[in-house]
Amino acid sequence: MRGRPKQQTTLFSLRTPGDRVSAGHPLRRVKDMADAALAALSPTFDAMYSGTGRPSIPP
């Protein structure tokens, strides 16, 4: 999904997923690389999506 990252911090737990992964865990580096790759692709995604969103399909 595109748009602002709106994170649901709590559903059934008072800890965020970031709290559960230690600071030195390799997943943190993987997330940083994925975030950087997606940020670099963002202009391409912007060109693919309409500025007004997808029109509604009548019933």
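The following questions and answers concern a predicted model of one chain. Local features require pLDDT of at least 70 and side-chain atom pairs count only at pLDDT 80 or more, while totals for chains, interfaces and linings use all residues. Residues are numbered from 1 along each chain as its sequence is written, and side-chain values use heavy atoms, without hydrogens and water.

Me: What percentage of the residues of the chain count as buried?
Reply: Buried means under 20% relative accessible area, exposed over 50%, and partly exposed in between, with a 1.4 Å probe and protein chains only. Of the 59 residues, the share that counts as buried is 0%.

Me: Where in α2 does a kink lie?
Reply: Helices are DSSP runs of H or I with at least four residues, numbered from the N terminus. The bend at a residue is the angle between axes fitted to the seven residues ending there and the seven starting there. In α2 the kink is about 45 degrees and comes shortly before the proline Pro43, at Ser42.

Me: Which residue forms a salt bridge with Lys31?
Reply: A salt bridge places a side-chain nitrogen of Lys or Arg within 4 Å of a carboxyl oxygen of Asp or Glu. About one helical turn separates Lys31 and Asp35, because they are four residues apart in helix α2. The closest N and O atoms are 2.7 Å apart, and the partner of Lys31 is Asp35.

Me: Is Met33 buried or exposed?
Reply: Met33 is located in helix α2, which covers residues 26-48. Because its relative accessibility is 58%, Met33 counts as exposed.

Key. Helix = DSSP H or I, 4+ residues; strand = E, 2+ residues; numbered from the N terminus.
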